[in-house]
Amino acid sequence: MAKRQKYPSSHLNTKRQSTGLRPLIVFSILSVLILTFYIREGEAGPIHSVRSGIVTVSTPFKMVGSVVATPFNAVGNIFANLTASQETLSDLKDQNAQLTAQVAELSEAQQTAQRLESLLGLQSTYNLQSTAARIIGSSSDAWSQTVTIDKGTLDGLTLGMPVCNAYGVIGQITEVALNSSTVLLINDETSGVSAMVQSSRAQGVLRGQADGTLRLEYVPVDAQVASGDIVITSGIGGVFPKGLPLGTVSSVEKSDNDVYYTIVVRTQATTENNEEVLVITSLTEEQIATDEEVAAANSEDATQTPSDDDSENSSATDDEASDSGQDSEDSETQTDEE
Amino acid sequence: MNLHETRRGSRPIWVVAVIAAVLQLAIPPQISIASGTVNFMVALALVLSLSRDPSSAVYIGFASGLFFDLTSSAPIGLMTLILTVASFVVATSSHGVLGGFTTDSLRLVAIGIVAVNLINGLCLFFMGVQTNFLWALFGHGISSSILDMLAAALMLFFMGSSTTQRGFSSRSRGGRYKTLK
């Protein structure tokens with residue numbers, strides 16, 4: 001019996017090479033199932049949850065990629081611009097015009113918000129009882145320095161109420177209508193505010209000048225005043241709250257025979273770019289000058305009066321300083337009477 | 001004579017896979033060129049499928065597609081399905097003998113990439129994700145394909161030395177007695 005010849009084992013790969021069809025079918029079905037569940041399940045489904053977890057884990061990589069890829073973003077824009085159609089460019093130009101308008105509008109809104117924020121800061125700092133208003137116009141003639149605000153008697157405003165912006169006092173209401181009021185600015189020639197130098201407490205009256213500047217008058221020469229000193233409201237008269245900023249001393253002059261300084265004050269508050277203002281509707285007790293302060297102001301003036309060479313000036317000072325405690329409006333705004 | 005098939009060096013493949021995954025997380029969300037974004041997972045799956053048997057290529061394609069779906073905003077399962085099938089087709093077409101930075105490899109991978117992107121765009125259009133048919137196919141599809149090809153070419157170049165010398169088949173290593181003991 002012939003033996004079957006045994007060939008040396010070749011150990012050739014006798015296993016049939018996998019065609020991969022079975023895994024292909026299995027994983028294809030699995031993929032379709034995943035896709036189906038993904039579409040049909042809600043946002044809180046398990047597949048969505050898995051993706052959410054993966055995204056959470058992969059976020060640091062994306063942040064690193066963001067830092068690294070930022071310089072290359074311009075490359076993509078260049079290619080996109082090269083391939084953009086004329087219609088796309090036209091649309092983009094229109095969009096650019098709209099966005100430019102929006103940017104201007106938003107910038108304006110941002111500035112408004114900043115001003116309002118400053119006003120709120122002022123209101124909070126000085127504990128002011130006030131109403132916000134908006135400047136809707138300025139004086140219609142060249143001889144007066146006034147602005148018109150959009151609040152009137154309907155909003156509870158009355159004559160004599162002080163008005164300030166974020167930088168300090170700007171004026172006082174001199175005319176009031178139902179829905180608007182006229183504010184006489186402190187740099188008007190007819191305006192006067194009881195003021196004092198913050199550092200030395202030297203008191204005087206801040207008056208507007210024809211050239212639009214401000215002068216602090218009736219400050220005796222023995223008082224300590226220097227350039228750069230801050231001038232604030234003194235509270236005498238009970239119209240303006242005590243301590244509100246008015247301006248800064250820009251120059252101090254004194255001649256040999258002068259009894260009072262010639263002090264020029266640079267105002268902090270300008271109304272050209274200040275659309276929003278605060279109208280101070282009432283004062284608290286601590287915002288009004290005390291009797292001692294009024295007496296001190298009177299005595300300060302009384303010591304100067306005998307040595308006055310200029311009787312006209314002294315009488316004016318007497319009127320303003322001594323009357324300030326009795327008739328606030330006379331002393332602070334109705335200076336034209338003097 | 002003991003000619004075992006040497007175990008394929010798996011380390012370079014894992015290195016490439018990890019690098020591709022990290023790049024997939026970091027780069028595509030940031031850079032878009034001409035309305036297209038690079039998909040490193042497509043490139044990875046098709047490049048690896050060149051030198052794999054169809055069965056392994058299916059696993060690679062499934063895993064790569066699922067990773068892409070989970071890390072992007074695309075419908076989960078779509079790219080998984082497309083890459084599973086595409087990897088199988090590429091592996092079947094290459095008979096597991098291609099690989100490396102060769103013309104044949106580049107051609108086959110390029111065809112696969114274009115097919116994957118076009119089918120993906122088509123499916124997204126029919127699923128309602130994309131509304132413009134031509135833009136879905138030729139806008140995003142073509143530009144993404146070009147970027148994917150660049151990524152695939154880099155991978156082939158990087159893996160070239162290891163894959164071409166592994167000699168899985170008789171054609172690459174010659175020798176009719178290759179598998180004789």
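1. In this predicted model, B:Met41, B:Leu44, B:Ala45, B:Leu48 and B:Ser49 of α2(B) are in contact with B:Ala57, B:Ile60, B:Gly61, B:Ser64, B:Gly65, B:Phe67 and B:Phe68 of α3(B). Sorted by class, this contact comprises eight nonpolar and four polar residues, with no charged residues.

2. The two elements involved are helix α2 of chain B, residues 40–50, and helix α3 of chain B, residues 54–71. They pack with their axes 9 Å apart and at an angle of about 175°. Angles over 145 degrees count as roughly antiparallel, and α2(B) and α3(B) are therefore roughly antiparallel to each other.

3. In chain A, helix α4 covers residues 86–126. With 41 residues at 1.5 Å a residue, α4(A) should span 60 Å, and the distance between its end C-alpha atoms is 59 Å, so the two values agree.

4. Is α4(A) largely in the open or largely buried? Two of its 41 residues are buried, so α4(A) lies largely in the open. For chain A as a whole, 32% of the 338 residues count as buried.

5. The residue that follows α4(A) is A:Asn127. The phi of A:Asn127 is positive, near 55°.

6. Chain A contains seven helices and twelve strands. Among the contacts in chain A with a separation of 6 or more, 59% are between residues 24 or more positions apart.

How values were computed: Residues are numbered from 1 along each chain as its sequence is written. Chains are lettered from A and ligands numbered from 1 in the order in which they are written. This is a predicted model: local features need pLDDT of at least 70, side-chain atom pairs count only at pLDDT 80 or more; totals for chains, interfaces and linings use all residues. Axes are lines fitted to C-alpha atoms, for helices over the stretch in contact, and angles run from 0 to 180 degrees between N-to-C directions. Helices (H or I, at least four residues) and strands (E, at least two) are DSSP runs, numbered from the N terminus. Angles under 35 degrees count as roughly parallel, over 145 as roughly antiparallel, 65 to 115 as roughly perpendicular and the rest as oblique. Two residues are in contact if their C-beta atoms, placed from the backbone, lie within 7 Å. Ala, Val, Leu, Ile, Met, Phe, Trp, Tyr, Cys and Pro count as nonpolar, Asp, Glu, Lys and Arg as charged, and the others, Gly among them, as polar. The expected span of a helix is 1.5 Å times one less than its number of residues. A residue is buried if 20 or more other C-beta atoms lie within 10 Å of its own, exposed if 12 or fewer, and partly exposed in between; C-beta atoms are placed from the backbone.
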